[in-house]
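User: I'd like to learn how to read aromatic contacts in a protein model. Could you walk me through them?

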Amino acid sequence: MAACLTKDKTGFTARFERNLNHPIENVWSMLTENDQLKKWFPELSIEDLRKDGIIKFDMQDGTFEEMKILDLEAPFILEYTWGEDKVRFELQQNPEGCKLVMIEKLNGITSHTPRDLAGWHVCLDVIETLLDGKDFSRPQEIWEKYFKEYNQTIEDFLKKIQS
């Protein structure tokens with residue numbers, strides 16, 4: 001499901017929701033265990049899994065960006081800084097498995113926003129596919145499709161809020 005964009009007093013929110021037919025513990029492990037995290041977002045690694053702990057982003061040039069864990073309630077909530085923005089994962093148990101909500105709080109919409117939203121969309125697709133025990137093929141091709149869609153979505157959204 002595509003991200004839903006909203007505007008509030010402090011900026012913008014992109015919200016993704018997925019209903020997953022998997023136990024909450026399995027989804028939590030995809031978000032917080034480095035061996036699972038590497039399967040869907042190899043640049044990220046959990047250095048210290050606790051509130052005020054650190055997640056590192058490998059910039060692929062020998063440097064790392066440290067992201068602070070702002071909120072952590074295992075196995076339900078993980079929130080951390082993402083540059084000047086924030087990323088939050090919320091898991092809610094349901095009879096079929098769990099609901100995964102991913103929220104990115106954006107200070108502003110930039111030319112990079114469609115890239116990030118397409119990337120998060122693919123990441124969530126990959127998580128679901130891996131949990132289903134399948135291989136995820138052609139991520140770049142799929143990202144390019146979503147990138148075009150999010151470019152249009154953001155263009156339409158900005159027109160709507162400016163009118």
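This is a predicted model: local features need pLDDT of at least 70, side-chain atom pairs count only at pLDDT 80 or more; totals for chains, interfaces and linings use all residues.

User: Is Phe-57 buried or exposed?

Analyst: Residues are numbered from 1 along each chain as its sequence is written, and side-chain values use heavy atoms, with hydrogens and water left out. Buried means under 20% relative accessible area, exposed over 50%, and partly exposed in between (1.4 Å probe, protein chains only). Phe-57 has a relative accessible area of 18%, so Phe-57 is buried.

User: How many aromatic pairs are there?

Analyst: A ring pair is described by the distance of the centres and the angle of the planes. Rings of Phe, Tyr and Trp (its six-membered ring) pair if their centres lie within 6.5 Å; planes under 30 degrees apart count as stacked, over 60 as edge-to-face and the rest as tilted. That rule gives 13 aromatic pairs. In one of them, the ring centres of Phe-12 and Phe-157 are 6.1 Å apart and the planes are at 75 degrees, so this pair is edge-to-face.

User: How accessible are Phe-12 and Phe-157?

Analyst: Phe-12 is buried at 11% relative accessibility, and Phe-157 is buried with a relative accessible area of 11%.

User: Why is the pair of Phe-41 and Phe-57 called edge-to-face?

Analyst: Their planes are at 80 degrees, with the ring centres 5.9 Å apart, so the pair is edge-to-face. Phe-41 is buried, at a relative accessible area of 9%.

User: Which residues form one aromatic cluster?

Analyst: The cluster consists of Trp-40, Phe-41, Phe-57, Tyr-80, Trp-82, Phe-89 and Trp-120.
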